[in-house]
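Here is a short briefing on one protein chain. Look at the structure first, then read the points below.

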Amino acid sequence: MIRRLLVADRGEIARRVFATCRLVGIETVAVYSDADSDAPHVTEADYAVRLTGGTPSSTYLRGDLIIAAAKRAGANAIHPGNGALAEDPEFAAEVADSGMIWVGAPAKTLGTLHSKIETKGIVAEAGVPVLQTLTDPATVTDFPVLIKPAGGTGGAGMRVVRDPVTLAEAVATTRQETGDDVFCEPYLENVRHIEVPIVADSHGAVVPFGERECSVQRRYQKIIEETPSPAVDPALREQLCRAAILAVRSIGYVGAGAVEFLLEEDGSFWFVELTPSLQVEHAVTECVSGYDLVRLQLLIAEGGNLPMPGPPPIRGHAIEVRICAEDPAYAWLPAAGTLHRFKVPDVAGSFRPLPQPGLRLDAGVVDGSVVGGQHDSMLAKLVAWAPTRQEAARMLASALTRTELHGVVSNRDLLVRVLRHGSFRAGDVDTGFLDRHPEVFAPLLSSVDAVRISCLAAALAGAAARRANAPVLRSLPSGWRNVPSGSQTAVYDGPAGPVEVGYRMNRHGELAGWWVRAVDPEELDLAGLGQAPTLDDHPPTTVVHADGSRVDLDVNGIRLSLKVHRVGDVSYVDSPEGSVTLRELSRFPLPAPEATEGSLIAPLPGAVRRVLVVPGQRVRAGELLLTLEAMKLEHPVHAPSAGVVASLPVHPGAEVDTGELLAVLDPE
C-alpha cells in the first residue's frame, strides 16, 4: 500500500496529484529546485526536499536525485507526473529496483514505447491502422511527408517537407536539434487529432474513456482540448475505442495513458502513438466521466482492480484551454516575469471532477509566482463543463475575458478568439485551424474606444492613488488644477505604441473633457507641452467613481466598471471590454545603449543547450549557431546572414535572460 508518495514533477501536475492524495489519506512529498523554493506545489506538500540547482537537467530530470530524495523523505512510492520521467524506462526500473512503488507504466513497456518505429510495428500487427513508415528518408518519393524523431513522444523536432529539394536539410536539422534518428510518414493535411484516454490494470482490464478532440494546435502543441469530439458519433467512437484497446493489449500497457490517432474527414483513422502518462488534458475526461484518474492510477499501482466494468457514460461536454506564458509580439516565444495577479472568476472547483456544470481551474501558479524560462510555458488549465458544447464554449470564453492575469503576457486573447470563432463553434476544427484562420491571432481588443477608455481609467486611478497618499490634496477634486486651461496628462506605452492621455476636471470634480492621442516615441519629452487636442472625438463621459483600484465611467449613457491594478509604473486595466496593459513612460527618457553591430541576443530566458560554432568560424546565412532550452522546448538560433563568429560569450549550460548577448557575427 502507498503510505507516502513523492511526485517527481512540479507545478500544476504535482498539485493535481497532491489533491487526490489528500482525499485518500496518502502523505505527500514534493521536490523543488532553487528557483521553486516558494512555489505552490512545495508549500502544499506534507514534506519537501530541495534539489540543488536551477535548471531541469540538474534537478527535476535527475532520476538519481529524485530516488535519493524519496528515500530521504521516507516515501514508499513515486509518481512521475506527466513530464519526461513518466516516459523514461530507466527511471521506472530504478524506482522498482529501489523497492518503491512506481505509479506509472512498467519499465519494459516504456522501453518499447520509446521507439516510435517499434511501437508502430507492434500495433500494426495487432490490426490497428498505421501510416506507412519509412526509416530511410532517401527512399521517399511521395510528398508531403512528416519528419519525426524516432525516440520519445510529443511534437518536438517534427517538420513537414513538401518537395525533395528540402528533404535532406530537414532531416539533418531534426537530427541536429534532437540528437535522435528520424523516420518519415505521409503528412495528412487538415486532419483531426483524436485521442482515446485509457486506463489498464495489471489483471487484464482495459477501459477506454471516450475520446478527446485535440486538433487546435500551434507548432504541434495542443492549446485547446475537448470531449466528446464534435466529429465522432457513437459508431466511430466504438471503432476508435476498440482500436485503442488493441493497441494497449498488444504492447502490454498498464496504467493511465492515451492512444492518439489522426482522423480523416471520411472517418478513416491512423494510429500515431501511445502516450504513457496522465496527460495535461485529463481534466476534461474527469469532468464528463466523473472519475478521478489520479485515484485510478494509485489503485492500479497498488495492484487493485479497476472499479468499472466498462467505458463510463459521457455526461455533458467539457472544453479545456491551456493558458500559457507566451508573447504574441515576439512570435509567441515563451515569456517570463512575475505574475502579480491571477484571478479567474466563478471557479466552482479545482483538481477534481466537477460535481455540477461550472469552471475548474488547475493551476501551477498563484499571485506572486515567478515564471522563469526553464520549464513548460503553461501557467494553468481552465476547464468549462456544461450540458452542451455551445454552453461550455460560451462559459469558458467569458471566464477567460474576465480573468485578471497581470505581469506575464499570455495567449489568453488567442484562446478567447478561438472559442468565439464561428468555425470553432460549428465544430469545424482540425490541425490546420489556426493556419486557416489567422484572424484569431489579432489582439482581443478590436475597439479603439475600449483602449482609450482603459487609458482614461488608468490616468484617473493613478491620480486618485496619488491624492490618497498626499493628505494636502485630498480636499481637492481629482484632476482639478488652479489654472483654468490646465490639464492632467500622462504618457503610456499601450497596445499600439506610446499614447498621451489627458483630461480636465471642473471645480465640481466633473470631467470637463478628455483625449487620447498617439505620441512619437522620439518626442516624448514634448508630450503635453503643446496645445491640448480637440475633445470632439470622444463620447460624453462622466466619472461616477474613481479610486486607486476601480474607476466607474458613464460613457454615452452606458455605465462601465474598470479595475485598475498598478505595479510600479505599469497599470493593468480589466473591464468587460477586455484587458489592457499600460506602462507609464517618462517624459524625459534616457537614451538606450547601442548594441554592437551583428549582435545576436537571447529572444527569451533559458539555458544554452548546445553551441555548434566557435569564435573565428565562418558561417552561412541560416546556419544553426546554438540552441536555447526554455519551457521544455529547444529554440534554435540561426545566423541572420553569412559572416564570421567574432564573439561567443556563452557556453552549454549557461543561463541567459531575455536580451542577453549570445554571439557577435561580423558580416562578410
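Beyond its neighbours within four places in sequence, Phe91 is in contact with Ala8, Gly63, Ile66, Ile67, Ile78, Leu85 and Trp102. The model is predicted, and the protein chain has an average pLDDT of 89.

**Nonpolar cores**
- The largest nonpolar core has 50 residues, and Phe91 is one of those that touch the most other members, together with Leu6, Ile66, Ile78, Val259, Phe261 and Phe271.
- At least two residues of this core come from each of β2 (27-32), α3 (63-73), α4 (89-97), α5, β9 (192-200), α8, β13 (255-263) and β14.
- Helix α8 gives the largest share, eight residues.
- Another core, of 40 residues, lies apart from this one, and its members include Val344, Val365, Leu379 and Ala386.

**Helix α6**
- In helix α6 (residues 116-125), the buried residues are Lys116, Thr119, Lys120 and Val123.
- These buried residues line one face of α6, because they fall within an arc of 100 degrees when seen down the helix axis.
- They pack against α5 (107-113), β6 (145-149), β8 (182-186), α8 (234-251) and β14 (269-275).
- Gly127 follows α6 and has a positive phi, near 100 degrees.

**Confidence**
- A pLDDT of at least 70 is reached by 91% of the residues.
- Over residues 525-536, pLDDT stays under 50, and the model has 20 contacts for them beyond four places in sequence.

Methods: Residues numbered from 1 in each chain as written. Predicted model: local features only at pLDDT ≥ 70, side-chain atom pairs only at ≥ 80, totals over all residues. Heavy atoms only, no water. pLDDT = per-residue confidence, 0-100. Contact = heavy atoms within 4.5 Å. Buried < 20%, exposed > 50% of the residue type's maximum accessible area, 1.4 Å probe, protein only. Helix = DSSP H or I, 4+ residues; strand = E, 2+ residues; numbered from the N terminus. Arc of directions from axis to C-beta. Core = buried A, V, L, I, M, F, W, Y, C linked by side-chain atoms within 4.5 Å.
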